[in-house]
Amino acid sequence: MNFLKRFFSKESRLPRVNIKQRFELIGRVGQGSMSKVWRARDLNSGRTVALKVLHKQKTEELEARFVGLNKPKEGDIAVQFQHPHIVKTFEHGLTSDGEQFLVMEFIEGYSLSFLVEAQNEDMRTNCLKYMIQLGEAIQYFHKENWIHRDICPRNIMVNNEQQLKLIDFGLVVPNTPPFLQPGNRTGTAAYMAPELIKRQKTSQQIDIFSYAVTCYEMLTKRLPWKSAETMEAVLQHINSPPKPIQELLPGINPQLADAIMKGLELYPQDRWQTIDQMLVPFKEVYQSQKTAVAQQNPASSESSSARPASGKPEKQSSREKSDSNSKRARSSQKPAGKTNEQRLRRRKRKPPGEATAEPPENQEQPASRKKAPSQPKPGNPDESH
Ligand SMILES: Nc1ncnc2c1ncn2[C@@H]1O[C@H](COP(=O)(O)OP(=O)(O)OP(=O)(O)O)[C@@H](O)[C@H]1O
Ligand SMILES: [Mg+2]
């Protein structure tokens with residue numbers, strides 16, 4: 001009976017691939033809570049790819065939460081996306097052991113979590129540009145009628161060409177009534193919308209909330225609420241107002257500050273109704289800052305900052321150093337081009353007119369680094385992904 005079920009299921013139509021034969025595994029690049037990711041050479045095409053192999057049991061547990069709804073698989077969803085700010089997935093299938101795998105373009109660059117923590121010049125200069133790129137990726141998602149459900153810096157990378165890429169589609173669901181019903185609390189606690197936490201009906205506005213938390217963190221290195229690591233902590237704070245972003249960044253453009261705070265509204269009816277609406281002020285501020293920078297310094301009109309200028313020199317954090325080192329090691333496999341370290345040094349030499357703000361004082365570690373709130377607990381549907 002099980003055999004027949006499998007025979008007629010979608011899974012049986014996926015190609016089975018012996019990944020050890022098909023790929024040369026160059027090195028592990030990531031350990032997500034649900035998968036292992038390798039930098040690999042695809043021996044069929046000769047190209048370097050990111051190979052993501054999903055943890056079989058955890059994936060089954062996740063899929064069991066959507067039982068009866070026929071939730072599309074991560075690979076089925078990912079191969080459909082064609083957007084400059086969404087990682088390209090070339091193919092997906094099943095390993096000989098029956099694990100789902102995805103073959104993606106390999107992104108040379110940094111995790112947004114690293115950039116949030118480093119607050120280096122790249123981040124200070126390009127933060128608003130990255131916020132808009134992320135917004136455009138979500139806009140595409142929503143137009144294609146999906147809900148991402150796990151927007152957070154851990155699931156975003158920035159490549160060496162300063163292009164942001166959304167990378168993880170493990171929790172994506174269709175934006176259709178069965179998937180909007182109250183109950184399923186998958187996601188990452190600190191970024192979860194109140195209606196999701198309270199097990200109420202959801203909508204694409206849960207992504208708007210997570211996007212607003214992510215933007216807040218990108219600008220301030222902090223989360224809008226203290227102690228947002230666990231579901232319990234989030235449940236306690238969710239009814240209290242978030243810390244106004246202006247208190248952390250007094251010089252922030254007010255239009256930008258208001259736009260982010262409106263994304264964090266407790267009730268969906270008070271929040272931005274669509275991501276299109278939220279992006280309007282971001283783009284207006286970006287354009288006006290770009291024009292101002294171009295007038296001040298015609299040679300550097302590309303950059304635009306969301307923050308007031310400080311002109312303080314930047315110190316390289318130990319994380320940045322170790323990241324540079326590991327990237328340097330990796331770059332020995334690259335055919336040509338500059339290493340991230342060279343790029344960072346080059347960016348540091350930009351004229352001070354482009355420099356922006358130093359990070360606020362007394363910063364806390366972002367919750368996503370203190371603890372991985374995304375660890376699933378088997379059998380507990382309340383826990384985050
Ligand atoms: N296309 C890619 N190119 C380079 N590195 C990647 C790529 N995709 C994923 N990674 C690396 O692998 C890590 C884990 O990937 P991903 O977030 O997709 O896995 P996950 O198991 O679903 O994660 P989570 O912990 O969010 O559940 C990323 O943080 C990143 O470091
Ligand atoms: Mg992830």
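I count a residue as near a molecule or strand if its C-beta atom, placed from the backbone, lies within 6 Å of it. The model I am reading is predicted, so I keep in mind that local features need pLDDT of at least 70 and side-chain atom pairs pLDDT 80 or more, while totals for chains, interfaces and linings use all residues. Residues are numbered from 1 along each chain as its sequence is written, and chains are lettered from A and ligands numbered from 1 in the order in which they are written.

**Entry: the whole chain**

I looked up the elements, taking helices (H or I, at least four residues) and strands (E, at least two) as DSSP runs numbered from the N terminus, and found 16 helices and 11 strands in the chain. Of its 385 residues, 42% count as buried, which requires 20 or more other C-beta atoms within 10 Å of the residue's own, C-beta atoms being placed from the backbone.

**Entry: ligand 1**

I found 22 residues around ligand 1, and the closest are G30, G32, V37, A50 and D168. Strand 2 (23-31), strand 3 (35-42), strand 4 (48-54) and strand 6 (100-105) are the elements that give two or more residues to this shell. I sorted the shell into 9 nonpolar, 9 polar and 4 charged residues, where Ala, Val, Leu, Ile, Met, Phe, Trp, Tyr, Cys and Pro are nonpolar, Asp, Glu, Lys and Arg charged, and the others, Gly among them, polar. Ligand 1 lies between domain 1 (12-106) and domain 2 (108-291), because both give residues to its shell; the domain bounds come from an automatic or database assignment.

I checked the pairing, for which DSSP must find at least two bridges between two strands. Strand 2 and strand 3 are antiparallel over 7 bridges, with L25 bridged to A40 in strand 3, and a hairpin of 3 residues joins these two strands. Strand 3 also pairs with strand 4 in the antiparallel sense over 7 bridges, and here W38 stands opposite L51 in strand 4. Between strand 3 and strand 4 the hairpin has 5 residues, and G46 in the turn has a positive phi of about 85 degrees.

**Entry: helix 12**

Which residues of helix 12 (residues 254-263) are buried? I noted L256, A257, A259, I260 and G263. Seen down the helix axis, the buried residues of helix 12 fall within an arc of 165 degrees, so they line one face of the helix; the arc is that of the directions from the helix axis to the C-beta atoms.

Notes: Buried ≥ 20, exposed ≤ 12 C-beta atoms within 10 Å, placed from the backbone.
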